[in-house]
Amino acid sequence: MTDTPISFDDAPAPTSGASCSRCHRSLSSYWSLDGAVLCESCAQALREERTSGDGAVGRVGKAFGLGVGGMLVGAAVWYAVARATGWEIGYIAILLGWLVGKGIHRGSEKRGGLGYQVMAIVLTYLGIGIAKVPFEIQAQIEAGRQSFDSVAVAESAPRTESEARAQLAELDSSLAAGKELEDDAQGGILGLASAFGAVILLALMIPFHSIIGGQSVIGILIYGFAIWQAWKVAARTDPVLSGPHPVAGAPS
Amino acid sequence: MTPAVCVRCGTSLAPGLLRCPSCRVLVYADGLAKIAAEAEQAAAESRLADATHHWHVALELLPPDAPQRAQIDAKLHLLGERMERGEGGRTKPKGPSKGVWAGIVAALLFLVTKGKLLLLALLNGGAILSMFAFLGIYWRAWGWVLALGILVSIYLHELGHMFSLMFYRVPVSAPMFVPGFGAFVRHGVLPTPRIGARVALAGPAAGLGAALLALGIGKLTGGAYWSAIAHFGAVINLGNLIPVWQLDGRKVIAPWTGVERILFAAALVATAAIARDPLTTTVVVAALVALVFHRNGGAGDRRGLLQGVAVTLGLGVVILLSA
């Protein structure tokens with residue numbers, strides 16, 4: 001059987017004539033929307049559903065919500081893997097970008113577009129930063145501890161009062177940077193809002209700091225891929241409509 | 001481009017339609033017949049990769065419910081069997097069949113035939129540029145010694161894919177390196193999921209070989225650098241077996257039945273237990289999660305499963321010994 005030539009000359013249907021795939025009405029001419037054969041009214045109705053500006057606020061809100069959800073999941077995975085292994089793995093950045101882009105695209109009712117793509121870029125960038133915030137806080141606390149230790153070791157050496165004051169000021173600054181979030185969180189709702197704002201600010205700064213500081217070209221590439229992925233997934237998807245196409249032999 | 005009107009009934013055809021909405025005949029029936037003839041001709045001449053390509057083009061011109069799809073799948077299955085038997089593939093070395101001279105001739109022929117494979121990537125400008133960019137970026141991050149070791153490790157992985165594709169006479173590009181992610185090769189379409197699995201597994205298998213080589217040198221010389229290369233190579237090759245996205249693991253498991261996938265999951269767990277390494281455990285967890293989303297099993301490939309399990313467990317042993 002497998003050596004038999006394949007025939008592509010299918011027999012024509014016994015009853016010719018096109019019908020709408022939505023309302024099943026017989027057609028003398030048809031419209032095509034993304035490959036579906038439709039009557040004019042069904043085609044226009046579907047097109048209207050997918051391009052109308054009605055409900056835009058709701059779509060933007062839903063896209064933002066789902067995008068934030070994707071961002072938090074992706075950031076959590078990034079943090080968990082980095083914490084467990086000590087590695088920043090590029091593929092997880094792509095996952096984060098994909099989750100953000102997919103959430104936004106779904107929230108936009110699969111419309112996508114430039115505005116949604118900008119939202120995807122911002123949330124992806126923020127997601128990468130949020131994943132790194134715990135490490136940054138820990139680094140600040142460690143820096144503070146090391147400053148304290150170096151001050152303790154240097155205490156036995158003779159030094160001027162101004163040097164001592166300068167070292168203590170540096171110690172205060174390092175410890176304050178790391179402890180500020182913890183203190184704010186203990187200060188009630190206002191404290192929580194302040195802590196949240198600080199986290200967002202830190203999350204926005206960390207990747208930028210890495211890029212400007214030129215600390216890691218690989219890190220820059222990873223951010224780039226993540227953002228590109230989010231941009232691609234949140235892109236506009238326009239319905240393709242064509243017609244009317246006359247059906248041969250059908251009464252007009 | 002879609003024809004303007006149906007050649008059978010004269011109905012105007014919308015762009016992208018594969019079947020006339022009125023008389024239901026295939027829009028590209030005439031073109032499909034020509035493509036099928038070309039595919040049969042290529043198969044008769046043992047140009048199996050060309051035949052595979054033609055049949056895949058035909059599939060793109062058929063609607064999802066066309067009965068001809070099953071017939072084409074059967075043709076591709078036959079082509080796959082012929083490729084696995086090596087038809088239209090390897091050139092057998094000529095020369096004396098026994099003795100020392102036979103060994104010398106065989107070695108020389110190996111260098112002339114397979115040896116050129118090692119240099120294939122260097123003949124492609126884009127591949128060279130990507131390779132140097134990759135080396136430069138990792139050199140800056142980790143020093144030239146480790147960067148070069150990683151580059152060679154990844155290159156040998158890609159050579160595994162390339163060697164496998166060349167065995168099946170499927171066109172393949174030189175490897176392109178992407179810093180932060182690895183490398184990839186582009187190749188022609190493959191006739192069956194089983195051949196796709198063979199090609200996909202060839203990369204991690206070659207990577208295992210490279211890691212074993214580095215491990216052996218490390219044990220002999222006592223050099224920590226070699227152990228680090230072995231460890232890194234084994235981990236990234238294991239990571240490649242996660243069945244998601246474009247990673248090799250997705251194609252490796254494609255022909256396996258549900259039971260075979262469960263057995264592979266058990267092998268992954270065993271690998272994590274052997275390696276006793278946080279990154280390995282993370283990779284195994286990711287692979288197990290991804291396996292859950294691949295519930296639709298294939299026709300089965302016991303040999304491929306055994307090879308996959310062997311490679312996976314081997315990588316775990318290398319990770320353990322290179323820690």
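Me: In this predicted model, what percentage of the 252 residues of chain A count as buried?
Reply: A residue counts as buried if 20 or more other C-beta atoms lie within 10 Å of its own. When that cut-off is applied to chain A, with its 252 residues, the share that counts as buried is 27%.

Me: Which pattern of helices and strands does chain A follow along its sequence?
Reply: Chain A holds 7 helices and 5 strands. Read along the sequence, these elements follow the pattern β-β-β-β-α-α-α-α-α-α-α-β.

Me: Which elements of chain A give two or more residues to the side that touches chain B?
Reply: The contact takes 32 residues from chain A and 36 residues from chain B. By class, the side of chain A that touches chain B has 18 nonpolar, 12 polar and 2 charged residues. The elements of chain A that give two or more residues to this side are strand E3 (29-33), helix H2 (56-85), helix H7 (217-233) and strand E5 (241-246).

Me: Among contacts in chain B between residues at least 6 apart in sequence, what percentage join residues at least 24 apart?
Reply: Chain B has 13 helices and 2 strands, and buried residues make up 43% of its 323 residues. Among its contacts between residues at least 6 apart in sequence, the share that joins residues at least 24 apart is 64%.

Me: Which element gives the largest share of the side of domain 1 of chain B that touches domain 2 of chain B?
Reply: The domain assignment of chain B gives domain 1 (1-89) and domain 2 (124-321), and the C-alpha centres of these two domains lie 34 Å apart. The contact between them takes 13 residues from domain 1 of chain B and 12 residues from domain 2 of chain B. On the side of domain 1 of chain B, the elements that give two or more residues are H2 and helix H3 (68-84) of chain B. The largest share of that side, 6 residues, comes from H3(B).

Me: Why is B:Leu59 classed as partly exposed?
Reply: B:Leu59 is found in helix H2 (residues 48-60) of chain B. A residue is buried with 20 or more other C-beta atoms within 10 Å and exposed with 12 or fewer, and the class in between is partly exposed. B:Leu59 is therefore partly exposed, because the number of other C-beta atoms within 10 Å is 17.

Me: Which residues does B:Leu59 touch, not counting those up to four places away in sequence?
Reply: B:Leu59 and B:Asp73 are 14 residues apart in sequence and 9.1 Å apart in space, C-alpha to C-alpha. Leaving out residues up to four places away in sequence, B:Leu59 touches B:Arg69 and B:Ile72.

Technical notes: Residues numbered from 1 in each chain as written. Chains lettered and ligands numbered in written order. Predicted model: local features only at pLDDT ≥ 70, side-chain atom pairs only at ≥ 80, totals over all residues. Helix = DSSP H or I, 4+ residues; strand = E, 2+ residues; numbered from the N terminus. Contact = placed C-beta atoms within 7 Å. Nonpolar A, V, L, I, M, F, W, Y, C, P; charged D, E, K, R; others polar. Domains from an automatic or database assignment.
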